[in-house]
Amino acid sequence: ILGYSAPLGYPRHFDTTWLAEAGAQKDRGWLGIGVRRQLTPTSTFDLGVQRDVLGEDRSSTKATMGYTVSF
């Protein structure tokens, strides 16, 4: 997986980040874009879209959502 991120709202605030990824695994390849928002010092929320570009499910598009908490 190759990823890229850049802060949105720079230089005033850094709590929202633009994300992009490209990945490959055995018989599958995909591209994805999304946004990550820092909700608290220990939690983030992610929202994005991922599309398969190689393999049998080439036309497959998925919405992704995640919530992360650290201790």
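K62 is partly exposed at 34% relative accessibility, where buried means under 20% relative accessible area, exposed over 50%, and partly exposed in between (1.4 Å probe, protein chains only). The model is predicted, with local features needing pLDDT of at least 70 and side-chain atom pairs counted only at pLDDT 80 or more, while totals for chains, interfaces and linings use all residues. Residues are numbered from 1 along each chain as its sequence is written, and side-chain values use heavy atoms, with hydrogens and water left out.

**Salt bridges**

Side chains of opposite charge can pair when their charged atoms come close. The structure holds four salt bridges, each being a side-chain nitrogen of Lys or Arg within 4 Å of a carboxyl oxygen of Asp or Glu.

| Pair | N to O |
|---|---|
| D15 and R37 | 3.2 Å |
| R36 and D46 | 2.6 Å |

Strands (E, at least two residues) are DSSP runs numbered from the N terminus. D52 is buried, at 3% relative accessibility. Salt bridges that share partners join R28, D52 and K62 into one network.

The side chains of R36 and D46 also form a salt bridge. R36 lies in strand β3 and D46 in strand β4 (residues 43-54), so the pair ties together parts ten residues apart in sequence. R36 is partly exposed at 34% relative accessibility, whereas D46 counts as buried at 17%.

A further salt bridge joins the side chains of D15 and R37. D15 sits in the loop between β1 (2-8) and β2 (16-25), and R37 in strand β3 (residues 28-40), 22 residues apart. D15 is partly exposed at 25% relative accessibility, and R37 is partly exposed with a relative accessible area of 39%.

**The largest pocket**

The largest pocket holds about 230 Å³ of space. A pocket is an open set of points on a 1 Å grid over the protein atoms alone, where a 1.4 Å probe fits, with protein on both sides within 12 Å along at least five of seven lines; lining residues have an atom within 4 Å of a point. Of the 17 lining residues, L19, E21, I33, G34 and T64 are the closest to the centre of the largest pocket. β1, β2, β3, β4 and β5 each give two or more residues to this lining.

Definitions and conventions:
Helices (H or I, at least four residues) and strands (E, at least two) are DSSP runs, numbered from the N terminus. Grid points are joined across faces, edges and corners, and a volume is the space filled by probe spheres set on the points.
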